[in-house]
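User: I am new to this structure and would like to understand the words used for it. Could you take me through the terms and show how each is applied?

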Amino acid sequence: MRIRPTAAWALVTATALTAPLLAAVPAAAHQGGLHLAKIQYDSPGKDTRSNSSLNAEWVNIHNSTRSPIQLKGYKLKDDTGYTYTFGSYRIGAGKTVKVRTGSGRNAPGTVYWNRKSYVWNNDGDKARLIKPTGSLLDSCSWTKKDKGTKNCH
C-alpha cells in the first residue's frame, strides 16, 4: 500500500499535535481519581514490632481529583483479610493520606490503623481500596523483588 505524501503529512501533523495532549492525561485517570499511590510494605530495619517499626509500614492513598473526597466507610484490605475502615476523614483535592500500621494520633495527611502487628507481607501481598458500597476501587500487588516499597501508579 502506498500513502500519498499529503496523507502522510496529515498523519504526522495530527500525531504531533495530539501526542502532548495524550501525555498530559494523569496516569491515575482510570482509577476515578482516588487510588493507591505508594506502599512501604517492609518496615526498614529489623522487624521489632515496636510502634515506630509498625508505623514505618504504610500505604499512601492519593486523591487526584479537583474536589475533596469524604473517605468514611472506605476500606483498605490485604490478602489475609486485615481491614482498616476509615472513619470520618476528608482528603483534599490533589492530597495524599498515609495509613500507618501502628498507633498514633490521626492528623491531616496521616491516619493510624492502631495494630500491634504488621499487616503487609514482605514476600508478596495485595492491597485493596474498597468503596463503602463494597466494590473494588483500586488494588496494588507486589513480590519481594520490589524491595520494600511499591509505587502503584
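Predicted model: local features only at pLDDT ≥ 70, side-chain atom pairs only at ≥ 80, totals over all residues.

User: Why is V111 called buried?

Analyst: The word buried is used for a relative accessible area under 20%, exposed for over 50%, and partly exposed for what lies in between, with a 1.4 Å probe and protein chains only. V111 has a relative accessible area of 1%, so V111 is buried. T110 has a value of 17% and is therefore buried by the same rule.

User: Which residues does V111 touch?

Analyst: Contact means heavy atoms within 4.5 Å. Leaving aside residues up to four places away in sequence, V111 touches Y84, F86, Y89, V97, K98, V99, R100 and N106. V99 is 12 residues from V111 along the chain, and their C-alpha atoms are separated by 5.0 Å.

User: What makes β7 and β8 a pair?

Analyst: Strands are DSSP runs of E with at least two residues, numbered from the N terminus, and two strands pair if DSSP finds at least two bridges between them. Three bridges join β7 to β8, so the two strands pair, and they run parallel. Within β8, T110 is the bridge partner of K98.

User: How is β2 joined to its neighbours, and which way do they run?

Analyst: Strand β1 (residues 34–40) is joined to β2 by six bridges and runs antiparallel to it, with L36 standing opposite I61 in β2. Five bridges join β2 to strand β7 (residues 96–100), also antiparallel, and there R100 is the bridge partner of W58.

User: What makes β8 and β11 the edges of the sheet?

Analyst: The open sheet has five strands in the order β8-β7-β2-β1-β11, and its pairing is mixed. β8 (110–112) and β11 (149–151) each have a single partner strand, so one side of each is left without a neighbour in the sheet.

User: Why is β2 described as mostly covered?

Analyst: Six of the six residues of β2 (residues 58–63) are buried. W58, N60 and H62 point one way from β2, while V59, I61 and N63 point the other way, and all are buried. In a regular strand the side chains alternate between the two faces of the sheet.

Notes. Residues numbered from 1 in each chain as written. Heavy atoms only, no water. Helix = DSSP H or I, 4+ residues; strand = E, 2+ residues; numbered from the N terminus.
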